[in-house]
Amino acid sequence: TQPPVNVTVTGAAGQIGYALLFRIASGQLLGQDKPVRLRLLEIPQAVKAAEGTALELEDGAFPLLAGIDIYDNPKDAFDGANIALLVGARPRTKGMERGDLLEANGGIFKPQGEALNAGAADDIKVLVVGNPANTNALIAQANAPDIPAERFTAMTRLDHNRAIAQLAKKLQVPVSDVKKMTIWGNHSATQYPDIFNAEVKGENAAQAVNDQQWLENEFIPRVAKRGAEIIEVRGASSAASAASAAIDHIYDWVNGTPDGDWVSMAVPSDGSYGVPEGLISSFPVVCKNGSYEIVQGLQINDFSRARIDASVAELSEEREAVRKLGLI
Ligand code: NAI
């Protein structure tokens, strides 16, 4: 059998961690033939809770789970990591300005970037889930100069999956009939879910919908504000759906996207579609042989252009803010 893949998960004792770890242990992150070793990172106060989750993981008797180690410092947690899922972050609390939020998260993602740089395996792949995810990923990436920048990604797959589900519901088709959905920009309320390049059973999705009112006033805000809707209805933020999206993101990155389809990932821009180079912005990507490429040559109409530009402008502002704070 193959040697286990080292998967480091931060924020392991949190609610996403609780949903995520069991799916990793069962083989859904990488595939049924790949054993995994879990390396959990938590803050010291939450290490005991992570140990409790580790007891439950043991009780799952997962054939692919080769071991679990728990750490309270990034240097040890990322040593030898092949996959890093950065879930733990500092949430926005009442009265906190965006600058404070970015600074607090810089205190987490800068040292984590440095630790990845120092000790991660050569094939490291990083997914940042913790918010503000795109800019947290940028901070980690900027502090890991020896790791190729494109290995740092942020999660917009939950938004992508939400957009597919809402479109399928509108057209009353199974989700598997929807292909080529794209989320552009920031994982925030400014994100732009694009159905102009999506297809439903081979037909252009915007044409199949043919309802600009629904697109502007229902679909886009519903997808962009779904996180708030979940909090409102569930009384807690999205957790299992976020974990599921993180599984999808890494699985596809490692195993490839199906022919005739693509997925959304926030990745360092190479300047494609006018997104300033280096910003970690969401794009349509195709994955193959463990790497991804931004899909080129898509038509961007005026409506889409304005929405993409607005979300990208927000990312530029966040980059400027963390630059001023000396985090990148
Ligand atoms: P949670 O509060 O239940 O868990 C977060 C965990 O992270 C806590 O156990 C905490 O102790 C830990 N943590 C904090 N600082 C840490 C550090 N420096 N190192 C290691 N662990 C640390 O939060 P939840 O619900 O699990 O969400 C986690 C993050 O994911 C939040 O930032 C949330 O906003 C974000 N999120 C992102 C989504 C996306 O689509 N990109 C979707 C849903 C949530």
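Two residues are in contact if their C-beta atoms, placed from the backbone, lie within 7 Å. By that rule, and leaving aside neighbours within four places in sequence, Arg162 is in contact with Val223 and Arg226. The model is predicted, and the protein averages a pLDDT of 97, with 100% of the residues scoring at least 70.

**Confidence in the complex**
- For the complex, the predictor reports an ipTM of 0.99 together with a pTM of 0.98.

**Annotated positions**
- An unreviewed UniProt entry places the feature "binding site" at Arg92, Arg98, Asn131 and Arg162.
- These positions span 71 residues in sequence, and their farthest two C-alpha atoms are 25.6 Å apart, so they do not all gather at one spot.

- Arg98 lies in helix H4, which covers residues 98-119, and Arg98 is partly exposed because 14 other C-beta atoms lie within 10 Å.
- Arg162 belongs to helix H6, made up of residues 157-171, and Arg162 counts as buried because it has 23 C-beta neighbours inside 10 Å, where 20 or more are needed.

**Helix H6 and the residue after it**
- H6 has 15 residues and reaches 21 Å from its first C-alpha to its last, which is close to the 21 Å expected at 1.5 Å a residue.
- The buried residues of H6 include Leu158, His160, Ile164 and Leu167, as well as the annotated Arg162.
- Just after H6, Gln172 adopts a positive phi of about 55 degrees.

Notes:
Residues are numbered from 1 along each chain as its sequence is written. This is a predicted model: local features need pLDDT of at least 70, side-chain atom pairs count only at pLDDT 80 or more; totals for chains, interfaces and linings use all residues. pLDDT is the predictor's confidence in each residue, from 0 to 100. UniProt positions are given in the numbering used here, feature names are shortened, and annotations may be inferred rather than shown by experiment. Helices (H or I, at least four residues) and strands (E, at least two) are DSSP runs, numbered from the N terminus. A residue is buried if 20 or more other C-beta atoms lie within 10 Å of its own, exposed if 12 or fewer, and partly exposed in between; C-beta atoms are placed from the backbone. The expected span of a helix is 1.5 Å times one less than its number of residues.
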